Amino acid sequence: MPLPEESLRVAIAGAASLRGQDLKIWMEESGFPAGEVRLFDEEPLAGTLTGVAGEAAVIQAIDEDSFRGLGFVFFAGSRAFAKLHGKAAARADTTVIDLTGELAGAPGARMWIPRLDSIQAPPQLVGNSGSSVPAGAIYVAPSAPAIVACSFCCAVAQFKPSRVAIVFFQPASERGKEGVEELSAQTIKLLSLQAIPQEVFDCQVAFNMLDRWGPDSAERLADVRAGIAEEVRRYLNGRVPVPAMSLVQAPVFYGHAFSAFAEFAGPVDAAGLAAGLEAAGFHIPGIEDPGPSNIAVAGEPKAMITAGAQDASVPHGYWFWGAADNYRLPVSNATQIAEKILAS
């Protein structure tokens, strides 16, 4: 059955952000069925010239008619931008897919990781007037660490682990372009023995590993950690035990690396464990392939993970090393949500 014409008209709100730019690129690379893609962002960025599908496009400011007639609006910019315009988009009877996390608490918002539908029941698709394609619904595409944590917990749940812990190593790009630019400037300045800029992190992130940012940072790393934990709790919702999680600021530009530990009551079949990880959406590289790393996952829509190595001191304890593109994993998840809705 052909798709409704309005379903193929989409918008990216926050198009100038790193996440918005990656979403636009992924739509083109993956063949997402969008007949028209409109680009919106905050007022100072309106008028910026960019491109969509090889043609020139201009980022627009949002007005009262911006969301009219759209099938989907992807919020990919700042949380503040999503807070300001998210509900207005839903009221315009467009389906909202939020990548910022800001709309998770909106009435009826549904968090969804389609890759896990075979393991965990997907959210109910609720439409208006009996339509199978929701209008005015809000779906939340979790962050990369939340997707990894939920996927890992679902993968190992069948083996009934007694404990699961994950440490994420966060890249500077999670603070947007400003974070990338500050890490770059700090690296150059330190190598030149000059004073370093600290406007974003209020601390030295170059050549450093940190469990917190400086006191004058506009955000706290502890709040980011708490936000990831809340995403995981919301999605797992008691169906699978939540893991212990920690978050460390790493001196890298892109990609979340992570170390995961799972302890079981008895021996675990290695082949069955690997199959569970692949069923949950992970890619396990071959022995001859490069292992998981920030570089190896760049531009990849799946997280990479090792098959697991038994701990030398803890019986039936296994360590896993992995990495995920901090933008590509969430944006590919967001387009999967839209594709599932279109197919419903």
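Reply: M111 has V140 of β8 as its bridge partner. The model is predicted: local features need pLDDT of at least 70, side-chain atom pairs count only at pLDDT 80 or more, and totals for chains, interfaces and linings use all residues. Residues are numbered from 1 along each chain as its sequence is written, and side-chain values use heavy atoms, with hydrogens and water left out.

β7 and β8 (residues 138–140) run parallel and are joined by two bridges. Strands count as paired if DSSP finds at least two bridges between them; helices (H or I, at least four residues) and strands (E, at least two) are DSSP runs, numbered from the N terminus. The open sheet has six strands with parallel pairing, in the order β2-β1-β5-β6-β8-β7. At its edges stand β2 (36–40) and β7 (110–111), each with a single partner strand, so one side of each has no neighbour in the sheet.

Helix α2 (residues 79–91) lies across β1 (9–13), β5 (72–75), β6 (95–98) and β8, and runs at about 170° to β5. Helix α7 (residues 328–343) also packs on the sheet, where it touches β5, β6 and β8. The direction of α7 makes about 165° with that of β5. Contact here means heavy atoms within 4.5 Å. Axes are lines fitted to C-alpha atoms, for helices over the stretch in contact, and angles run from 0 to 180 degrees between N-to-C directions.
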